[in-house]
Amino acid sequence: MNGRGGAAGPKEAVVLRDVLRSPGYLKVLVFSALIGIPVSLAAFWFLVALRELQHLLWADLPESLGWDAPPWWWPLPLLLVAGTVVGLVVTHLPGAGGHVPAAGLNAGGTSPAYLPGVVLAALAALPLGAVLGPEAPLIALGGGLALLFRNLARLPSTPVSTALLGAAGAAAAIAAIFGNPLIAAVLLIEVAGVGGPQLFAVMVPSLLSSGIGALVFTGLGRWTGLSTGDLAFGSALPDPRLDIGDVLWTLVIAVVLALVLHPVLAWARAIARYVAARPFVRTVQGALGAAVCAALYALITGRSPEDVASSGQGAIGALATDPHAWGIGALIAVLLFKGAAYAICLGSLRGGPVFPVLFLGAAAGVLLSPLPGLGVVPGFAAGMAAALAAVMRLPVSSVVLVTMVLGSSGMMPVVILAAMVSFVVSELLPTGRTARSADVTAAGAA
């Protein structure tokens, strides 16, 4: 028996060889290589614009008006503007500013005609305080630019070339935000559903087994682990050694976050249906609802409303560097108010779902870290992995992305265990992948 599945292996090898030798596919490969540079540059400047606008609106402008930090009411006018602009884009421009983020992430292949709406909606929503990330607009931007370049080059337009070039452009763009082409490729493979349910059925037990087996090499409690001479160079700051408490609490964190985030997603889908009936007015309502969450958080805690009114991308690093700077009350408040604002923005504005839920998972992990036997770093890692897998339903991408965020593989067993358990629990709950897709399709059609 060969390594590609017995008798079917040679046939698959012949098919693959024929595809690689076909002139059409070779043209797509060459063109994919050529578009990588302009798409990556466009993605870079798009992210620079988002970052500079956010810094201007949340740091420079309040400081110029005499405030050390934005006052509690600051999100209200900003998100009113954001909701108005996004509402106008949704109702008047082709593509409605991109897909509803309550759907998760969609693969590349955005029509070039949709690009102005996608870019304008993202530039209006994200810097002004939408609790969403830039990854969904980046995927749309990369896929749309790839198809635009294809049309300008007058290459043949076929369903296959559209899918391949859209995915290639999306991967080049999304790598700009994650800083790693590997996570971009893995993410798009899972988002596109390559392999279907069978792929997930194979990956989950494989990853779960390998994650638990990795404890043999990383160590557990007094067991120091075995050295295999792997290819990793190691981290400058060694991770704490895992013990049985970390592993057991990881299971609890994964189940709890899957159960807690399930109604959050259901709420987001209900909001998406509500907004679809009257897009402009209800998009503005949604933006103001998120602003109220941020304002109330600032009033109650005395902290900056930007803790809530942002993607959380920058706050994750601050939380990891000094988790004790957040008191228990502040952590509970940010989980409640940012979680509510996240659900509202998922259903009403435009952006990506990844970074806010990463922050929510990290905050939950830090909040639970005083539990007996659970360390801060394992709690932080388990929270992020479990939250991301529960919302995105992309287990491999969740593992790769959280490991990349942590900067080392020391927490890999915890990350894998949290992501796999959370993914399985989320899929077994009443509203799974199929119902979620149906909701999004109905909302988009409306």
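Where is the place of R393? The first view below takes up this question.

**View 1. R393 sits in the loop between helix 15 (376-392) and helix 16 (395-406).** This is a predicted model, in which local features need pLDDT of at least 70, side-chain atom pairs count only at pLDDT 80 or more, and totals for chains, interfaces and linings use all residues. Residues are numbered from 1 along each chain as its sequence is written, and side-chain values use heavy atoms, with hydrogens and water left out. Helices, like strands, are DSSP runs numbered from the N terminus (helices: H or I, at least four residues; strands: E, at least two). R393 is not a glycine, yet its phi is positive, near 55°. With a relative accessible area of 2%, R393 is buried (buried means under 20% relative accessible area, exposed over 50%, partly exposed in between; 1.4 Å probe, protein chains only).

**View 2. A96 lies in the loop between helix 3 and helix 4.**

**View 3. Helix 3 (residues 75-92) packs with helix 4 (residues 115-125).** The angle is about 170° and the axes are 8 Å apart; axes are lines fitted to C-alpha atoms, for helices over the stretch in contact, and angles run from 0 to 180 degrees between N-to-C directions. The two helices are therefore roughly antiparallel (over 145 degrees; under 35 is roughly parallel, 65 to 115 roughly perpendicular, and the rest oblique). Look for A82, V85, V86 and V89 of helix 3 meeting G117, L120, A121, A124 and A125 of helix 4, where contact means heavy atoms within 4.5 Å.

**View 4. Helix 5 (residues 135-152) is mostly covered.** Of its 18 residues, 14 are buried. The end C-alpha atoms of helix 5 are 26 Å apart, which agrees with the 26 Å it should span at 1.5 Å a residue (the expected span is 1.5 Å times one less than the number of residues). Just after helix 5, R154 takes a positive phi of about 60°.

**View 5. Helix 17 (residues 412-428) reaches 24 Å from its first C-alpha to its last.** That is close to the 24 Å expected for its 17 residues.

View 6. C293 counts as buried at 11% relative accessibility, and C345 counts as buried at 0%. The disulfide count comes to zero.

Conventions: Disulfide = S-S within 2.5 Å.
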